[in-house]
Amino acid sequence: MASEHVVVNCTINGENQVFLANERDSLLEALRDRIGLTGVKEGCNNGNCGACCVNMDGRIVNSCLVMAAECEGAQIRTVEGLADGDQLSPLQNAFLEQAALQCGICTPGFLVAAEALLEQNPDPTEHEIRYWLAGNLCRCTGYDKIIKAVQQAAGQSVV
Amino acid sequence: MVTAQSPETEQYNVIGTRPIRPDGVDKVTGAAQYGADLQLPGMLAGRVLRSPHAHANIKSIDTSKAEALDGVLAVVVNADFPRAADKDVDTGEGSANLKWVLDNVIASDKVLYKGHAVAAVAATDHHIAEDALELIEVEYDLLTPVLDVRDAMVDGSPLLHDSLHTSELDGSKSDSPSNTASHLQFTKGEIDAGFDEADVVIEREFETSMAHQGYIETHNGTAYWRADGTLDIYTSTQGAFPVRDQVSALMQLSQSQVKVTPMEIGGGFGGKIPVYLEPLAALLSQKTGRPVKLTMNREEVLLATGPTSGTYMRVRMGAKRDGTITAAEVHLAFEAGAYPGSPVGAGAMCSLAPYDIPNQKIDGYDVVVNKPKTAAYRAPGAPQAEFATESVLNELAEELGLDPLEMRLSNASVEGNTTAAGMPFGVIGNVDCMTAAQQSPHWQSELEGPDRGRGVAQGFWFNIGFESSAYGQVNGDGQVSLVLGSTDIGGTRASIAMQLAETLGIAAEDVHPQVVDTASVGFTQVTGGSRTTFAGGWAAYECAMDIRNQMAQRAAQIWEVDEDTVEYGDDAIIRGPADEDGNPREISFKDLAAQLPTSGGHIVGRADVNKTSSGPAFATHIVDVEVDRDTGKVEILRYTAVQDAGTAIHPAYVEGQMQGGVAQGVGMALNEEYYYDESGDLKNASLLDYRMPTALDLPMIETNIVEVPNPGHPYGVRGVGEVPIIPPAPAVRAAIANAIGVHMTELPMSPRAILEATTLGGD
Amino acid sequence: MQAVKYARASSVEEAISLLQEGGDGARPLAGGTDVIVQARERTRDISLFVDIKHIPELIGIDHSADGLTIGAATPCYQIYGDDKIQSDYPILVDSCSLIGGTAIQGRASLGGNLCNSSPAADGIPSLIVLEAQVEIAGPNGRRSVPVEDFCTAPGRNVLAAGEFVTKLTFPAPAGGSGARFLRFIPRNEMDIAVTNAATQLRLNGDGSVAWARVSIGAVAPTPLLVADAAAALIGQPLSEQTIAAAADASRAAANPITDMRGSIRQRVHLAGVLTERTIRQAAERAA
């Protein structure tokens with residue numbers, strides 16, 4: 001049952017990273033346990049909650065459904081890469097101003113997913129936002145304020 | 001965003017505003033440290049072996065192969081724990097028998113539900129720990145599982161506990177053992193006479209499924225048993241002190257030997273009050289001398305941590321033609337799960353509380369079944385009980401041709417009424433919520449279109465108080481470091497700090513709250529019961545008053561005047577008598593703070609409160625639905641939640657509690673259920689098949705905060721978290737009936753259930 | 001997670017030899033959204049992932065006069081984002097935008113959906129009504145299988161040891177044809193289908209049905225091609241009666257089980273409802 005280890009070279013939040021992963025590690029486990037990026041969260045470990053959402057080569061993925069060994073050469077962006085130093089991104093600010101988080105455990109996944117939405121669709125409708133984020137579960141907010149935060153970040157007027 | 005304060009809070013400077021929460025930046029950057037994020041030097045990873053059977057005797061457990069696996073450092077079973085005394089321990093939501101608490105943490109002679117912990121492993125990494133589980137050999141003697149509350153109550157049903165006898169109404173115990181742990185009853189008036197007065201009587205039976213709190217963060221627990229015999233626990237919990245007390249009792253340590261550090265918590269809703277992993281991590285750490293972190297996966301969370309009770313309920317209610325309710329009889333049988341302790345008592349107390357009904361009889365039964373031990377879930381017991389009572393009330397209104405809100409208003413509990421459970425009402429917002437709902441744009445609007453319907457329901461939750469602590473240190477920069485014992489699930493750092501800021505007359509941003517460990521602050525009860533902003537805020541108020549007094553004393557000292565002549569003003573200016581030249585003596589909070597180090601030292605304010613009172617909360621919800629008759633699927637078209645918050649300290653987080661409660665209530669109404677097969681195997685133990693609402697399943701949820709200040713709180717606060725989960729299910733049921741004329745009798749009202757009740761009805 | 005190893009193949013030949021060397025425990029890995037979960041939850045013995053998505057011919061979309069070719073590992077988002085698929089094969093947009101959530105669609109592929117061979121797969125009924133051919137490579141060379149013959153039982157299919165799916169090919173859509181996929185789930189996203197259905201039909205100038213294919217899923221051990229439903233439509237005007245007859249045929253063909261996602265009665269009923277709805281909506285697209 002012994003596992004092998006594998007060296008992975010990739011870019012995480014703009015920095016070159018070389019790390020040693022257990023061959024059994026998912027990207028989620030590698031980010032959290034090997035690299036220390038614990039902003040990415042485990043909620044279900046089978047692709048049904050979105051808490052582990054990261055951006056991989058320009059697309060959002062559930063990092064629990066990616067093997068670490070697959071990430072050789074990949075460009076990965078996590079919640080830790082959203083702010084520019086101490087300058088929060090417009091989306092991060094909108095989440096704070098709209099009170100779009102309560103416990104905060106789903107927030108990193110929502111932020112990464114919503115950022116990807118706004119990159120490809122800068123002016124989404126409410127339905128488009130809800131559809132895009134349907135794979136990210138939040139149990140605290142009823143989603144209302146999360147949707148409004150995304151609308152605010154998109155420059156839309158928020159009631 | 002709404003930034004204007006409501007009339008009720010205009011008198012305040014901080015209360016009623018919407019500052020950015022103090023912990024917000026850490027939570028949008030990924031810096032916040034939740035329990036599973038913790039790394040300690042030399043830390044081991046642990047996993048738990050769980051029973052594949054719902055009901056079985058454990059014949060033997062052989063851990064030798066697992067222990068021999070390279071990288072495994074320890075394996076523990078129930079027998080490795082100190083023998084738990086047969087006594088009660090405070091669990092943060094009441095008390096429980098210590099032996100049962102331990103047996104739920106790790107099974108002794110019997111497994112009582114699928115997923116019941118049997119052994120735990122610590123290894124150098126979690127992959128190895130997981131491999132080791134497959135090497136543990138357990139021999140079981142299978143027993144027949146009892147999965148339905150009514151089956152469990154029948155004489156001759158297989159018994160979960162040979163030693164369990166029913167606690168009867170008179171306090172006696174039943175002669176023979178039973179799965180019914182207790183029977184409780186509340187009565188008022190003469191029930192038979194009440195029904196004799198009624199022109200219309202409706203009786204309905206209901207069944208509801210177990211449902212899970214569904215917090216997105218799974219359970220975790222890390223322990224480090226130090227060489228000096230002290231034990232450090234790090235965990236995502238709703239109550240660090242109750243964890244300390246449970247773990248110290250189970251490990252037979254003194255409370256002073258155990259320090260619990262509450263990590264950030266990713267949701268709880270009541271489910272993160274019991275201990276599950278902490279005692280296992282503690283024992284594994286004692287055996288290995290190293291820190292051990294245990295985490296659950298989602299399947300384990302659904303299998304083995306607290307759902308809320310499944311129920312069988314029967315309600316009979318009678319009214320006169322004018323809508324006056326004359327009598328109500330409520331029968332509640334609640335599944336406790338594997339060990340006694342369902343929330344049937346709270347459900348019984350809440351079930352008819354919104355209404356002043358002269359003749360009532362409410363019976364509750366707490367029943368063990370081969371399912372996970374239930375834990376508190378947001379207004380524990382009330383969503384089920386009030387689903388039953390509100391549903392029958394709606395049907396009565398329909399039968400009598402009365403507007404359901406009018407009928408509620410004409411029977412509403414008001415100040416001076418007393419419930420069947422003997423709870424007297426002071427100033428309450430019951431009628432205010434109903435009236436606000438009546439006047440809402442939603443209720444005033446017309447609902448058009450085929451297969452669409454509107455429903456309304458009321459909700460009640462009493463809220464609780466109890467112990468909270470707050471320590472505030474005045475810093476030289478004129479700001480305050482505030483130390484709290486309440487873990488912050490949904491913005492309570494903000495709501496407590498705001499009450500301190502208001503009392504001191506300083507800005508919310510000048511208060512820096514920290515949630516600290518059990519050695520660093522006074523005893524504080526769980527974050528739950530909708531008590532934290534209430535009792536924590538009260539502690540903050542008293543802490544601030546302590547600071548005000550000390551600041552005034554210090555100013556008197558500096559000015560060399562009598563203390564009685566100095567006052568701390570609400571504008572944060574400390575004023576004394578005029579000096580010899582007739583100039584006013586005054587100094588701002590900030591200026592005096594700067595002088596503290598050189599004028600006698602820093603000031604720390606302190607408050608430890610224990611409030612037995614609280615402020616009841618009421619809510620009125622309106623929902624519009626559309627039902628697809630071909631598929632049985634219900635779409636929520638529009639939702640309005642009205643709720644009395646007493647005083648909304650941070651309105652955005654009050655709205656958030658209301659919206660989140662609605663989402664959970666809608667989930668319970670439509671799709672969330674524990675689906676067992678006959679063997680007691682939970683077939684939907686994943687977030688794929690345990691269907692919580694997604695962003696696409698809900699509309700925007702309109703909120704209307706009513707503020708009827710609670711006279712029993714310095715700022716009029718009532719708890720807000722619990723009550724909004726109560727009305728959704730009965731409101732949705734009424735809307736479905738209004739849309740397609742079918743009165744559902746079960747939760748969830750899933751597409752399958754609705755199809756069975758309509759198109760596929762009969763055989 | 002089982003003790004699984006990982007190997008990246010850069011050519012079809014390399015993938016075949018890796019799969020052969022890996023033996024029974026070797027599984028192709030494309031988007032991984034099913035197999036990684038199966039390995040983690042130990043519901044399938046997997047000792048080696050052979051990553052096939054870096055093989056050039058397994059990724060991409062190619063339109064030609066003969067029809068459409070989709071590399072088996074092409075992620076769903078690329079499929080529903082393709083302009084010509086949106087115009088010529090909108091039923092593939094139906095399916096690919098319903099498989100999982102956005103993050104799943106960033107990885108999951110139609111080839112993977114097919115090879116997972118779930119009775120409830122949201123991709124397969126659409127492939128069946130589009131008359132897709134499954135291109136397979138293996139130690140004994142390449143072969144092609146009609147998609148309706150691919151799945152053999154829940155989680156099982158015709159792939160032999162060392163074989164894997166390289167691409168899916170589709171005939172060019174005939175003029176006057178339209179196709180629609182629908183599924184029923186309790187929520188609005190993220191669920192596995194309780195029942196699903198797809199219909200493709202071609203209409204004559206007079207509005208009668210010239211040709212049709214109907215497929216239903218989650219009502220039998222494999223997704224079904226319902227020949228009787230098509231037969232009920234072909235040569236008939238699209239009347240209430242015709243559509244009801246096709247729905248009856250689907251209900252008759254359905255042979256489901258009761259589980260946590262749906263009951264037998266519910267699934268049989270929904271097979272009829274969804275057949276009706278897909279026929280109507282396919283006809284709208286054909287018009």
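1. Chain C of this predicted model is divided into three parts: domain 1 (5–51), domain 2 (57–171) and domain 3 (177–286). Take domain 2 of chain C and domain 3 of chain C as a pair. Their C-alpha centres lie 20 Å apart. On the domain 2 side of chain C, 25 residues are in contact with 24 residues of domain 3 of chain C.

2. How much area do domain 2 of chain C and domain 3 of chain C bury between them? The value is about 2,000 Å². Carbon and sulfur atoms carry 61% of it. The residues that domain 2 of chain C turns to domain 3 of chain C are covered in point 4.

3. Polar links also cross this boundary. There are four salt bridges between domain 2 of chain C and domain 3 of chain C. A salt bridge joins C:Asp94 and C:Arg180, and the closest N and O atoms are 2.9 Å apart. Across the interface of domain 2 of chain C and domain 3 of chain C, 12 residue pairs are in polar contact, with both residues at pLDDT 80 or more.

4. Which elements of chain C give two or more residues to the side of domain 2 that touches domain 3? They are helix H5 (90–96), helix H8 (124–129) and strand S8 (151–153) of chain C. H8(C) gives the most, with five residues. By class, this side of domain 2 of chain C divides into 14 nonpolar, seven polar and four charged residues.

5. Now the contact between chains B and C. Here 30 residues of chain B are in contact with 24 residues of chain C. The area buried between chain B and chain C is about 2,500 Å², and carbon and sulfur atoms give 47% of that. On the chain B side, B:Lys633, B:Arg691 and B:Arg752 lose the most area to chain C. Together these three account for 23% of what that side buries.

6. How many salt bridges does the rule find across the interface of chain B and chain C? The count is eight. C:Arg42 forms a salt bridge with B:Glu130, with 3.0 Å between the closest N and O atoms. Between chain B and chain C, 20 residue pairs are in polar contact, both residues being at pLDDT 80 or more.

7. Three elements of chain B give two or more residues to the side that touches chain C: helix H4 (126–133), strand S31 (633–644) and helix H20 (751–757). H20(B) gives the most to this side, with four residues. By class, the side of chain B that touches chain C has nine nonpolar, seven polar and 14 charged residues.

8. Chain A has its own domain assignment: domain 1 (5–81) and domain 2 (90–153). The C-alpha centres of domain 1 of chain A and domain 2 of chain A lie 21 Å apart. In this pair, 14 residues of domain 1 of chain A are in contact with 14 residues of domain 2 of chain A. The area buried between domain 1 of chain A and domain 2 of chain A is about 1,100 Å². Of this, carbon and sulfur atoms give 57%.

9. Between domain 1 of chain A and domain 2 of chain A, the count is one salt bridge. The side chains of A:Glu115 and A:Arg77 also deserve a look: they meet in a salt bridge at 2.4 Å, N to O. Four residue pairs are in polar contact across the interface of domain 1 of chain A and domain 2 of chain A, both residues at pLDDT 80 or more.

10. What supplies the side of domain 1 of chain A that touches domain 2 of chain A? Strand S3 (53–56) and strand S4 (59–62) of chain A each supply at least two residues. S3(A) gives the most, with three residues. By class, this side of domain 1 of chain A has six nonpolar, five polar and three charged residues.

11. Finally, the aromatic rings. Over all chains, the structure holds 16 aromatic pairs. One of them, B:Trp100 with B:Tyr339, is tilted: 6.4 Å centre to centre, with 45° between the planes. B:Trp100 lies in helix H3 (residues 98–105) of chain B, and B:Tyr339 lies in the loop between strand S20 (325–337) and helix H10 (344–350) of chain B, so the pair ties together parts that are 239 residues apart in sequence.

Technical notes. Residues are numbered from 1 along each chain as its sequence is written. Chains are lettered from A and ligands numbered from 1 in the order in which they are written. This is a predicted model: local features need pLDDT of at least 70, side-chain atom pairs count only at pLDDT 80 or more; totals for chains, interfaces and linings use all residues. Side-chain values use heavy atoms; hydrogens and water are left out. Contact means heavy atoms within 4.5 Å. Buried area is the accessible area (1.4 Å probe) that two parts lose on being put together, summed over both. A polar contact is a pair of N or O atoms within 3.5 Å; within protein, one must be able to donate a hydrogen and the other to accept it, and residues adjacent in sequence count only if both atoms are side-chain atoms. Ala, Val, Leu, Ile, Met, Phe, Trp, Tyr, Cys and Pro count as nonpolar, Asp, Glu, Lys and Arg as charged, and the others, Gly among them, as polar. Domain bounds come from an automatic or database domain assignment. Rings of Phe, Tyr and Trp (its six-membered ring) pair if their centres lie within 6.5 Å; planes under 30 degrees apart count as stacked, over 60 as edge-to-face and the rest as tilted.
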